[in-house]
Amino acid sequence: MTTDVKVPTLGESITEATLGQWLKKVGDTVAIDEPIASLETDKVAVEVPSPVAGVIGALVVA
């Protein structure tokens, strides 16, 4: 089963973020709330937590 990972709320005035790096790779296991990616803005860097436990099946950025 696949799960979409949503960008967390970054702040009132921040409307865009860039994927800084993937912290996990395909095939890695992850726990709930474990960081899987890093997002960067001109004001802040934020880690994106996994919403579920499981195995990374694919890394896709829309």
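Student: What makes up the secondary structure of the protein chain?
Tutor: The protein chain has zero helices and five strands, where helices (H or I, at least four residues) and strands (E, at least two) are DSSP runs numbered from the N terminus. Their order from the N terminus is β-β-β-β-β. This is a predicted model, in which local features need pLDDT of at least 70, side-chain atom pairs count only at pLDDT 80 or more, and totals for chains, interfaces and linings use all residues. Residues are numbered from 1 along each chain as its sequence is written, and side-chain values use heavy atoms, with hydrogens and water left out.

Student: Why is the pair Glu 34 and Lys 24 called a salt bridge?
Tutor: A salt bridge requires a side-chain nitrogen of Lys or Arg within 4 Å of a carboxyl oxygen of Asp or Glu. The closest N and O atoms of Glu 34 and Lys 24 are 2.6 Å apart, so the pair meets the rule. Glu 34 sits in the loop between strand E2 (29-30) and strand E3 (35-40), and Lys 24 in the loop between strand E1 (18-22) and E2, ten residues apart. By this rule the count comes to one salt bridge. Side chains of opposite charge can pair when their charged atoms come close.

Student: Why is Lys 24 called buried?
Tutor: Buried means under 20% relative accessible area, exposed over 50%, and partly exposed in between (1.4 Å probe, protein chains only). Lys 24 has 18% relative accessibility, and therefore counts as buried.

Student: How do you know which class Glu 34 belongs to?
Tutor: The relative accessible area of Glu 34 is 25%, so Glu 34 is partly exposed.

Student: What makes Ile 56 buried or exposed?
Tutor: Ile 56 lies in the segment after strand E5 (54-55). Its relative accessibility is 12%, so Ile 56 counts as buried. Of the 62 residues of the protein chain, 21% count as buried.

Student: Which residues does Ile 56 touch?
Tutor: Contact means heavy atoms within 4.5 Å. Leaving aside residues up to four places away in sequence, Ile 56 touches Lys 24, Lys 25, Val 26, Gly 27, Asp 28, Val 30 and Ile 36.

Student: What share of contacts joins residues at least 24 apart?
Tutor: The share is 43%, taken among contacts in the protein chain between residues at least 6 apart in sequence.
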